[in-house]
Amino acid sequence: MPVIGHRGNFARFAFDAVTYLRRLHEQYGEIASLVRGRGDYVFVFSPRYNQIVLTEPALYENLDAASSPVRMGEDSSLRRLYAGLTNMNGAQHRRQRKLMGAALQRRHVEAYAPDINALAERQFSGWRLGQRLDLLQEMRALTMAVAVSTMLGLPPDNHGRQMGRLLQDWMDTVFSVRALALPVDLPGLPYHRLQLLSDRLERAVRGLIDRRRAQSTGTDVLSRLIRANDDEGRGLTDDELIGQTTFLFIAGHATTASALTWTIFLLCTHPGIMRDLVDELTGTLRGDPPEVSRLQDLPLLDRVVKESLRLLPPVMWWSKVAAGPVRLDRYPLPAGAHVVFSSYITHRLPELYRRPDVFWPDRWLSCDPTPYEYLPFSAGPRTCLGAGFAMMEMKLILAALLQRWRPEMPSGSRVDPGGLMVSQPKHGLPVTLARTVGLAPEIEVSGSIRRVLDLTGAPG
């Protein structure tokens, strides 16, 4: 696009990242630039490059306020909300990651299982036989309830729902292509709305932090963060807690809702696998909500979740920034160069995964990839701290749902992957609720999902 230069390619990437990434990989191989002859935006597509980028945090940094595509003032609510763990570097990142890790210890995470089971039961018991619903919206509502309860210590109704909606509105706006493309603070424009939402959200989060400090005994993640201290006895300031609260919500809600929706979509389009999974769940749990200790007795559930995260990872690409002039293999990159790596593309490499576009959970009976070949939660020293929480939450919710209901998609449903970073069906996922008995009918699916999945091939 010679007239508008690199912005044209960037717009194509922003509006349909999956298609753009696939085309780049197919045309240029394991490394490509956004524009020929320039190294300010580079895409890498192999475990070798994944490892280089992810094991050298001093060379390849997270996008912080200075390198973010989101324009934000030096002393603004937007900047404070944006300062979560994935948007900081150096000693600041190391210190806050250690404090976050203390609040997300395995024993603390597993203690939230009864709350997740109760919230799932409450939602699924309100469904009715033959009801048609949008599964994406249902999973968003459920994971939002889980996030505000376990992460923020709020009841899922009233105040919790209000806080969840405010956080969701802010997240939708901050990742809006329109707000990024036109960062002008004038009434009526998306960026102006982002500023107003940021001010509202910061006030709400500060109020929540004040209440949690006064209580001092909460078991939610935010309360544990407030009580956490580093080796010098220092805790997180209110400004630091504001950024981490936003990060916790995004990490604990949006990505998990996406992963659950895509997993159920894959089961709907593979009724034999769904039937086998229902048999495992009902035969092992006999209708009861699973305790964490019983999840190890559900090996097919584990394989289904792993395979779904391989085929349709919620975050299909991540970006790092070169801290200074670097050489990426034999290619020199300038300071500030953005390096995009994609778990989605890596997970589709035929040299790593046989029949990579096919949903085949049993590949995990013998498949044992390295962390840089399978990275739905990133990899290296900055692997997502919430990976264990997300895996547990997904398994608990799927076990509760599939023991009670069998979602069925109407044949001919159109499914188009969308989302700037967090992948989800553009138009939701319509399903009708049936009983778990029997085998679901085979269905035909239309839409661009057929360009990224082989829905005709048999597993194996």
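## Salt bridges, cores and sheets

R212 counts as buried, at 6% relative accessibility; buried here means under 20% relative accessible area, exposed means over 50%, and partly exposed is anything in between, using a 1.4 Å probe and protein chains only. Keep in mind that this is a predicted model, where local features need pLDDT of at least 70 and side-chain atom pairs count only at pLDDT 80 or more, while totals for chains, interfaces and linings use all residues. Residues are numbered from 1 along each chain as its sequence is written, and side-chain values use heavy atoms, with hydrogens and water left out.

**Salt bridges**

- The structure holds 30 salt bridges, each being a side-chain nitrogen of Lys or Arg within 4 Å of a carboxyl oxygen of Asp or Glu.
- R212 has D220 as a salt-bridge partner, at 3.7 Å from N to O. D220 is buried too, with a relative accessible area of 7%.
- Another pair is D302 with K395, whose closest N and O atoms are 2.7 Å apart. D302 sits in helix α15 (residues 299–311) and K395 in helix α17 (residues 387–404), so this pair ties together parts that are 93 residues apart in sequence. Both D302 and K395 are buried.
- R206 and D239 meet through their side chains at 2.6 Å, N to O. This pair links distant parts of the chain, with R206 in helix α11 and D239 in helix α13, 33 residues apart.
- R206 is partly exposed at 28% relative accessibility, and D239 is partly exposed at 36%.
- R206 and D239 also belong to a network of salt bridges that takes in D75, R80 and E202.

**Helix α9**

- Helix α9 covers residues 159–174, and its 16 residues should span 22 Å at 1.5 Å a residue; the end C-alpha atoms are 22 Å apart, which agrees. The expected span is 1.5 Å times one less than the number of residues.
- Its buried residues are G160, M163, G164, L166, L167, Q168, W170, M171, T173 and V174.
- Those buried residues of α9 pack against α4 (77–82), α8, α10 (177–181), α11 (190–215) and α13, with contact meaning heavy atoms within 4.5 Å.

**Nonpolar cores**

- The largest nonpolar core has 130 residues, and F124, M139 and F265 touch the most other members. A core is a set of buried Ala, Val, Leu, Ile, Met, Phe, Trp, Tyr and Cys residues joined through side-chain atoms within 4.5 Å.
- Helix α13 (residues 238–268) brings the largest share of this core, 16 residues.
- Leaving aside residues up to four places away in sequence, M139 touches F124, W127, A257, L260, T261, I264, I397 and L401.
- T261 is in helix α13 and counts as buried, at 0% relative accessibility. With the neighbours up to four places away in sequence left out, T261 touches L135, L136, M139, P425 and L429.

**The β4-β13-β9 sheet**

- Three strands make an open, antiparallel sheet in the order β4-β13-β9; strands pair if DSSP finds at least two bridges between them.
- The edges are β4 (132–134) and β9 (406–408), each pairing on one side only. The twist averages 45 degrees from one strand to the next.
- Helix α8 (residues 135–151) packs on this sheet, touching β4 and β13, and its direction makes about 60 degrees with that of β4. For such angles, axes are lines fitted to C-alpha atoms (for helices, over the stretch in contact), and values run from 0 to 180 degrees between N-to-C directions.
- β4 and β13 (residues 430–434) run antiparallel and are joined by 3 bridges. R132 stands opposite T432 in β13.

**Strand β8 and its partners**

- Strand β8 (residues 338–341) is covered on both faces: H338 and V340 on one side, and V339 and F341 on the other, are all buried.
- Strand β2 (residues 41–44) runs parallel to β8, with 4 bridges between them. Here V42 stands opposite V339.
- Strand β5 (residues 318–322) runs antiparallel to β8, again with 4 bridges. V321 has H338 as its bridge partner in β8.

Conventions:
Helices (H or I, at least four residues) and strands (E, at least two) are DSSP runs, numbered from the N terminus.
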